[in-house]
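Thanks for coming, everyone. Let me put the structure up, and then we will walk through it piece by piece.

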Amino acid sequence: MTTNTDAEISIQTADFSLADEVALLEQDNAIDGAVVTFTGRVRNQNEGKEVTSLTLEHYPGMTEKSLAKIINTAKERWRIGRVKVIHRVGELFIGEQIVFVGVTSKHRQDAFAANEFIMDYLKVQAPFWKKESTKQGNHWLDAKTSDENKAAKW
Amino acid sequence: MIKVVFFAALREQLNCSELSLNSDQLTTVADLKTALASKDENWQQVFANNALLSAVNHDMVHSEQAIKSGDEVAFFPPVTGG
């Protein structure tokens with residue numbers, strides 16, 4: 001039985017520091033030789049449109065529960081050490097960080113796979129929604145079939 | 001009573017983020033959807049969308065999921081985080 005600590009998941013409006021997060025994953029952790037991190041950022045264009053910002057909405061309570069389940073599944077499938085998932089909400093501008101997934105393990109294979117798995121499932125199961133602002137106006141983004149297919153491959 | 005919450009595009013289309021409903025006649029999420037769709041033409045149109053997802057007490061569920069008084073039921077579009 002694996003359990004999540006509150007420290008593993010953070011939904012926040014504030015930015016995060018990649019260096020600080022890596023330091024926390026490594027602190028007093030001499031058994032893990034691998035640290036794999038993923039950072040997602042706001043792009044300047046999407047489907048041919050010039051993006052000015054994204055506004056992220058989520059479902060407080062369900063978001064944390066759904067991410068905890070995804071992390072627990074990853075811990076059952078791979079031999080991993082520490083996990084950290086950060087997802088920002090609110091309005092985010094071009095180049096700003098949106099999401100962070102960090103995983104440690106003894107050897108790199110497990111951390112690489114678990115990190116990609118967590119990110120792929122976050123995309124299709126965690127209740128976040130993006131509203132895109134462009135010079136032509138605002139609209140909610142549609143879910144992509146390619147994201148569903150990618151998660152289904154695990 | 002059942003607490004019902006709506007998110008993202010759905011919340012905007014309905015111009016409603018949450019409401020409470022008497023649960024006496026409602027045994028499944030599908031019943032609840034039918035009840036909400038009968039409110040007016042706009043609600044009917046919105047709930048005709050098969051892509052809508054639902055959750056009961058923060059877990060994603062299918063329409064056949066049983067519901068009871070005190071539950072929190074959520075409806076929302078497919079998710080787009082990350």
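First, a term: two strands count as paired if DSSP finds at least two bridges between them. Strands are DSSP runs of E with at least two residues, helices are runs of H or I with at least four, and both are numbered from the N terminus.

Now the ground rules. This is a predicted model, in which local features need pLDDT of at least 70, side-chain atom pairs count only at pLDDT 80 or more, and totals for chains, interfaces and linings use all residues. Residues are numbered from 1 along each chain as its sequence is written, while chains are lettered from A and ligands numbered from 1 in the order in which they are written.

Start with the sheet in chain A. It is open, has four strands, and runs β1-β5-β7-β2 with mixed pairing. Which strands stand at the edges? They are β1 (9-12) and β2 (34-41) of chain A. Each has a single partner strand, so one side of each is left without a neighbour in the sheet. From one strand to the next, the twist averages 10 degrees. For angles, axes are lines fitted to C-alpha atoms, for helices over the stretch in contact, and values run from 0 to 180 degrees between N-to-C directions.

β2(A) pairs with β7(A), residues 97-105, in the antiparallel sense over eight bridges. Within that pair, V36(A) sits opposite V103(A) of β7(A).

α1(A), residues 18-26, lies across β2, β5 (83-88) and β7 of chain A, at about 155 degrees to β2(A). α3(A), residues 108-125, also lies across β2, β5 and β7 of chain A, and runs at about 150 degrees to β7(A).

α3(A) has helix partners too. Take α2(A), residues 62-77, first. The two axes are 10 Å apart, and the packing angle is about 150 degrees. α2(A) and α3(A) are therefore roughly antiparallel to each other. The angle classes are these: under 35 degrees is roughly parallel, over 145 roughly antiparallel, 65 to 115 roughly perpendicular, and the rest oblique. The crossing of α2(A) and α3(A) is right-handed. Right-handed means that the near helix is turned clockwise from the far one by less than a right angle, and left-handed means anticlockwise.

Who meets whom? From α2(A), the residues include L67(A), I70(A) and I71(A); from α3(A), they include F117(A), I118(A) and L122(A). Contact means C-beta atoms, placed from the backbone, within 7 Å. By class, that contact has nine nonpolar, two polar and no charged residues. Here Ala, Val, Leu, Ile, Met, Phe, Trp, Tyr, Cys and Pro are nonpolar, Asp, Glu, Lys and Arg are charged, and the others, Gly among them, are polar.

Now α4(A), residues 145-152. Its axis comes within 9 Å of that of α3(A), and they cross at roughly 135 degrees. α3(A) and α4(A) are therefore oblique to each other. Their crossing is left-handed. D120(A), Y121(A), K123(A) and V124(A) of α3(A) touch D147(A), E148(A), K150(A) and A151(A) of α4(A).

On to β4(A), residues 49-58. Two antiparallel bridges join it to β3(A), residues 45-46. Those two strands form a hairpin with two residues between them, and E47(A) in the turn has a positive phi of about 50 degrees. β4(A) also runs antiparallel to β8(A), residues 128-134, with seven bridges, and to β6(A), residues 90-93, with four. H58(A) bridges to F128(A) in β8(A), and T55(A) to E91(A) in β6(A).

β8(A) goes on to β9(A), residues 137-140, through four antiparallel bridges. That is a hairpin with two residues between the strands.

Beyond β9(A), in the loop to α4(A), is L141(A). Leaving aside neighbours within four places in sequence, L141(A) contacts K130(A), E132(A) and T80(B).

Methods: Contact = placed C-beta atoms within 7 Å.
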